[in-house]
Amino acid sequence: MRITTLDPPPSEHRATVPRPISEHIRETWRLAMPIIAARTAMLTMFIVDTIMAGWAGAEDIAAMGLGIAPLLVLMLVSLGALQSVVVLTAQSFGAGDVRRCGAIFRIGVIHALFLGCIVAVLSIWSRQFFLVVGQTPELSELGARVMQAFAWGIPGLLAFTATNLYMEATGRPQAGLFVLLVINMLNVPLNGIFGLGWGGVVAPGGADGMVAVSSALRWLAFLALLGMLLADERRRGNPTGLIAPWRVWIAEAVSLGGELGRRLRGTGVPMGLAQGIESAAFACIVFVAGTLGTIALAAHQITMSVVTLVYMTAVGMAGATAIRVGHAVGAGSRPDILRAGTVGIALGALISLPVGIAIALAPDRIAGIYTDEPAVLAITRHTFLVAGILLAFDAAMGVVTGALRGAGDVWVPTLAQTAAFWMVGLPVAIWLATSGGLGPVGLMAGIVIGTLASLGILLPRFGLVVNRPIKPI
């Protein structure tokens, strides 16, 4: 696959005439579409694993939700931290400093592998953790097997993400999408063979067998994308200096990237914390659902699986918006920062609105893809209605966070999400589900309230950031 690369903006066009709104819409859409597709393809592996685990039974789908939840928090913290690769690369690319971009890539991959190994090691104590948070011994055992099968693939997933984020920020989003499409094509038959025992080749491995397959494929995805990037750099004469001798990689690994690594971490840590704070709140909600019973947990897992899949449009639009804002920051154009951010936020909300309506109107048809158990479907009819209300607001919140990241504003959004989800959303969700007697429906309602609280803080914050002096990282 030949990779098409965008050139940095010429210096004579920087910080002069702002680009028209129509151009921002066109360029944001053009950049967002392959990013949205790539994020969706990345999540599709989780969705396929969940759906096929549901075919094995409610116990397997519950174990899938429980086993992935805590590790997903740590993984999302790491993925959030790696968003600094996009921010620094986009700002450097917008300023025309392509040599700095290559160094950012190497340091980003090194950090991704380190973070992945740390997360994987923590899975060793998964069974004890599930018992402490109140799960039954049987469900704790099943969840621990899923968690440990998922853990060893996380370093590969994070390294793939760092590589893909770098390529997106430098105008090459199609490559990661291509790799993920191929990987997803392999995931279904391999899940069937190792998880459900198709063909009688091996004994059915259930949910943990499916997750183990996905872990292997995530490593394959990283190696394939890395090979494509290196081949493209060689073809173009290594203009970014990305291809470097092993001694350079070793020196950067030992020093964790030196000054540039400190900037990467200084930007990435608050973004990782913000991602972790939100996902940890969602994980706590999963634990609450688990205490309500296997049927309630299965219904909640199905609903959040659909919500998360649709949210990938917002994640993709947030990524495109962060890149567009970052380019404008690098070019020193305040009007383009405002226009890039506003266009992205509006597009993100508008795309999700009709999908939310469709989910609310056809709950049985969508939930029926996951399960045919009447007790589960009876709950998802109500949780899908609440989820349909959530989607447009959730998308707007995600994209405005991306716009703030592109501008280098990371700590205030972190504090905003902490307050919104831990001080508002989570307490309300627990009260509605338990004392309020609403069960899984109350859990979803709490998520909606937390999202609205976060959006109410972040939108005005973006207006303030646009009007302050531009300070590239």
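A residue is called buried when its relative accessible area is under 20%, exposed when over 50%, and partly exposed in between (1.4 Å probe, protein chains only). By that rule, 59% of the 473 residues of the protein are buried.

This is a predicted model: local features need pLDDT of at least 70, side-chain atom pairs count only at pLDDT 80 or more, and totals for chains, interfaces and linings use all residues. Residues are numbered from 1 along each chain as its sequence is written, and side-chain values use heavy atoms, leaving out hydrogens and water.

**The whole protein**

The protein has 16 helices and zero strands. These are DSSP runs, numbered from the N terminus (helices: H or I, at least four residues; strands: E, at least two).

| Property | Value |
|---|---|
| Radius of gyration of the protein | 22 Å |
| Box of the C-alpha atoms, along the principal axes | roughly 65 × 50 × 35 Å |

A compact globule of 473 residues would have a radius of gyration near 23 Å, so the 22 Å of the protein agrees. That radius is taken over C-alpha atoms; the globule rule is 2.2 Å times the number of residues to the power 0.38.

S352 sits in helix α12, which covers residues 334-361. Is S352 buried or exposed? S352 is buried, because its relative accessible area is 2%. Not counting residues up to four places away in sequence, S352 touches T313, L391, A392 and A395. Contact here means heavy atoms within 4.5 Å. A polar atom of the S352 side chain lies 3.3 Å from the backbone oxygen of G348.

Methods:
A polar contact is a pair of N or O atoms within 3.5 Å; within protein, one must be able to donate a hydrogen and the other to accept it, and residues adjacent in sequence count only if both atoms are side-chain atoms.
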